[in-house]
Amino acid sequence: MDRWMDKCRDVSENTKFVGGPEAAALEEKLVSLSGAPAVVGCANGTDALQLALRAAGVGPGDMVLVPDSTFWATFEAVVNVGAQPVTVDISEDDLQMDFEQFRQAVDEFSPRAAILVHLYGWGSARLDDYRQFCAERRIALIEDGAQAFGVQYKGESIYKDAFLSTISFYPAKVLGSCGDAGAVVCSTKDLAERVRVLGNHGRTSHYGHGLVGWNSRMGGFDAAYLNLALEFADPRLASRRKSAEWYRENLEAIGVRTVGPPEGYVENGYLNVTLPDPEKRPSIEAVLKENGIGFGNVYPGSMSTQPGAAAWMAGQVGGETAAWLAKSVLNLPLFAYMKDEELEEVVSVLKKAL
């Protein structure tokens with residue numbers, strides 16, 4: 001707490017409220033951690049997606065493929081840059097966008113770009129296929145890594161070989177800020193410069209504007225908090241991973257179906273994912289609630305079934321698996337430094353509900 005108050009005092013006394021040395025230092029650290037050539041901080045994870053889309057040249061009339069199971073911001077970002085979203089179903093194996101249906105959607109809709117979401121704290125088993133296929137077809141692949149900080153793929157950061165990827169530092173994330181903040185991970189410094197200009201009113205000089213952008217600069221307090229939080233990231237990640245694995249081993253032992261990272265991944269422990277029978281989920285939730293055990297449903301509705309989607313969707317490929325997941329998914333408590341007795345209590349209560 002003392003160190004955080006010292007940072008607050010420094011930001012306040014020196015009026016480093018927007019950008020500044022804390023933001024620059026954070027970007028340097030994120031470059032080192034991601035292995036990417038450049039990272040640009042911004043105001044939030046949703047803006048990060050919009051900046052990435054705009055930097056990739058996506059605009060009015062362009063088709064963009066998105067997974068049918070994700071947070072609304074993925075869909076929303078496409079609409080907000082004037083493009084048209086097409087939803088693609090997910091794979092039941094890893095709960096990420098289904099690669100074969102994605103290929104079908106590419107042939108049918110000829111998209112300018114696609115957003116691959118790294119959902120639940122891991123990524124697609126077909127990540128290499130997505131990257132290679134999109135490069136060959138000249139499709140801008142944006143990787144929504146809002147939930148993926150700390151995820152490793154084949155021994156490297158999942159962000160490392162992405163064309164463009166995004167991070168959210170919303171407080172509930174594995175690495176969360178004291179407010180909203182985000183970042184765009186870029187495969188070239190030229191892309192990073194375009195992202196930076198777009199997020200700063202299109203400025204090429206203080207009163208010169210080479211692009212039409214908007215204001216999406218990272219705040220000084222957020223950057224300062226994240227710089228401090230990064231010092232504790234490794235042990236927090238280790239504790240979350242340990243709890244996530246403990247859940248899978250002990251839940252499967254009592255007959256509860258769980259999903260975890262595909263081969264080649266080291267997850268970040270962002271979420272526990274269990275898949276009870278949709279008809280039994282309400283009664284399970286009732287028992288958890290009666291016993292004071294928190295839970296979540298991430299996410300309770302697919303994109304193609306959201307009321308706000310109908311006016312904007314340009315098409316849909318599949319959707320049955322995403323709809324099933326929305327009715328089945330149940331997320332048990334998972335946070336840094338969970339105690340053994342807390343984990344055991346959750347499983348003990350769950351057994352009563354089965």
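A disulfide is counted here as a pair of cysteine sulfur atoms within 2.5 Å. The exercises below concern a predicted model.

**Exercise 1.** Determine how many disulfides the model has, and account for the state of Cys 42 and Cys 186.

*Solution.* 
Step 1. Take Cys 186: its sulfur has the sulfur of Cys 42 as the closest cysteine sulfur, at 9.9 Å.
Step 2. Compare this with the cut-off of 2.5 Å.
Step 3. Take Cys 42: the nearest cysteine sulfur is that of Cys 186, 9.9 Å away, and Cys 42 is in no disulfide.
Step 4. The count by this rule is zero disulfides.
Step 5. Check the surroundings. Cys 42 has a relative accessible area of 0% and is therefore buried. Cys 186 is also at 0% relative accessibility, so Cys 186 counts as buried.

**Exercise 2.** Describe the packing of helix α5 against helix α6: the angle, the handedness and the residues in contact.

*Solution.* 
Step 1. Helix α5 covers residues 99-109 and helix α6 covers residues 127-137; their axes lie 11 Å apart at an angle of about 15°.
Step 2. Angles under 35 degrees count as roughly parallel, so α5 is roughly parallel to α6.
Step 3. The crossing of the two helices, α5 and α6, is right-handed.
Step 4. From α5, the residues in contact are Phe 99, Phe 102, Arg 103, Val 106 and Asp 107. Their counterparts in α6 are Asp 129, Tyr 130, Phe 133, Cys 134 and Arg 137.
Step 5. Sorted by class, the contact of α5 with α6 holds six nonpolar residues, four charged residues and no polar ones.

How values were computed. Residues numbered from 1 in each chain as written. Predicted model: local features only at pLDDT ≥ 70, side-chain atom pairs only at ≥ 80, totals over all residues. Heavy atoms only, no water. Axes fitted to C-alpha atoms, helices over the stretch in contact; angles between N-to-C directions. Helix = DSSP H or I, 4+ residues; strand = E, 2+ residues; numbered from the N terminus. Parallel < 35°, antiparallel > 145°, perpendicular 65-115°, else oblique. Left-handed = near helix turned anticlockwise from the far one by under 90°. Contact = heavy atoms within 4.5 Å. Nonpolar A, V, L, I, M, F, W, Y, C, P; charged D, E, K, R; others polar. Buried < 20%, exposed > 50% of the residue type's maximum accessible area, 1.4 Å probe, protein only.
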